[in-house]
Amino acid sequence: MIPKNQQQLPAPETLPATGKSRFSQFKKFCPVSKEKFRQLSKAGRAPQPERMGIRCTFYSNAELHRWLADPINYRIDQ
């Protein structure tokens, strides 16, 4: 058992570079609300959702990193 004065601090939360994430997992990094992100996504100005059923939507972490680096100039690749 680790003494209280030597306990480890929790690791800082980051968005993984690869894989997929749900909005709830990356909302702390997102500069807009969930609805605004949905609107931007629909307009092609944010990463496109990948549906895994009726109520389960994921986004590509690589695309999220691209969008977070430059949200104003982001466009989906055609």
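Me: Which residue just after H2 takes a positive phi?
Reply: Happy to start there, with the note that this is a predicted model. The phi angle in question is about 85°, and the residue sits just after H2. That residue is Gly44.

Me: What pattern does the chain follow, read along the sequence?
Reply: Let's begin with the pieces: the chain has 3 helices and 3 strands. Reading them along the sequence gives the pattern β-α-α-β-β-α.

Me: Which residues of H2 are buried, and where do they lie around the helix?
Reply: Phe37, Leu40 and Ser41 are the buried residues of H2. In general, an α-helix has 3.6 residues a turn, so residues three or four places apart point the same way.

Me: What covers the buried residues of H2?
Reply: Phe37 is one of those buried residues, and its contacts beyond four places in sequence include Phe23, Tyr59 and Leu64. The cover for the buried residues of H2 includes H1, strand E3 (57-60) and H3.

Me: How much of the chain is buried?
Reply: The chain has 78 residues. A residue has to be under 20% relative accessible area to count as buried. By that cut-off, the buried share of the chain is 24%.

Me: What share of the accessible surface belongs to carbon and sulfur atoms?
Reply: The accessible surface of the chain comes to about 6,200 Å². The share that belongs to carbon and sulfur atoms is 55%.

Me: Which residue forms a salt bridge with Lys28, and how far apart in sequence are the parts that the pair ties together?
Reply: The partner of Lys28 is Glu13, with their closest N and O atoms 2.7 Å apart. Lys28 lies in the loop between H1 and H2, while Glu13 is in the segment before strand E1 (20-21), so the pair ties together parts that are separated in sequence by 15 residues.

Me: Are Lys28 and Glu13 buried or exposed?
Reply: A residue needs over 50% relative accessible area to count as exposed. Lys28 and Glu13 are both exposed.

Me: Which strands does the salt bridge of Lys20 and Glu50 tie together?
Reply: The side chains of Lys20 and Glu50 meet at 3.1 Å, N to O. Lys20 is partly exposed at 44% relative accessible area, and Glu50 is partly exposed at 31%.

Me: Which residues are linked with Arg66 in a network of salt bridges?
Reply: Arg66 forms a salt bridge with Glu63, the closest N and O atoms being 2.8 Å apart. Both lie in helix H3, 3 residues apart, about one turn of the helix. The residues linked with Arg66 in the network are Glu63 and Asp77.

Me: How many salt bridges does the structure hold?
Reply: In general, side chains of opposite charge can pair when their charged atoms come close. For this structure, the number of salt bridges is 5.

Definitions and conventions: Residues are numbered from 1 along each chain as its sequence is written. This is a predicted model: local features need pLDDT of at least 70, side-chain atom pairs count only at pLDDT 80 or more; totals for chains, interfaces and linings use all residues. Side-chain values use heavy atoms; hydrogens and water are left out. Contact means heavy atoms within 4.5 Å. Helices (H or I, at least four residues) and strands (E, at least two) are DSSP runs, numbered from the N terminus. Buried means under 20% relative accessible area, exposed over 50%, partly exposed in between (1.4 Å probe, protein chains only). Accessible areas come from the Shrake-Rupley method with a 1.4 Å probe; for residues, only the protein chains shown count as cover. A salt bridge is a side-chain nitrogen of Lys or Arg within 4 Å of a carboxyl oxygen of Asp or Glu.
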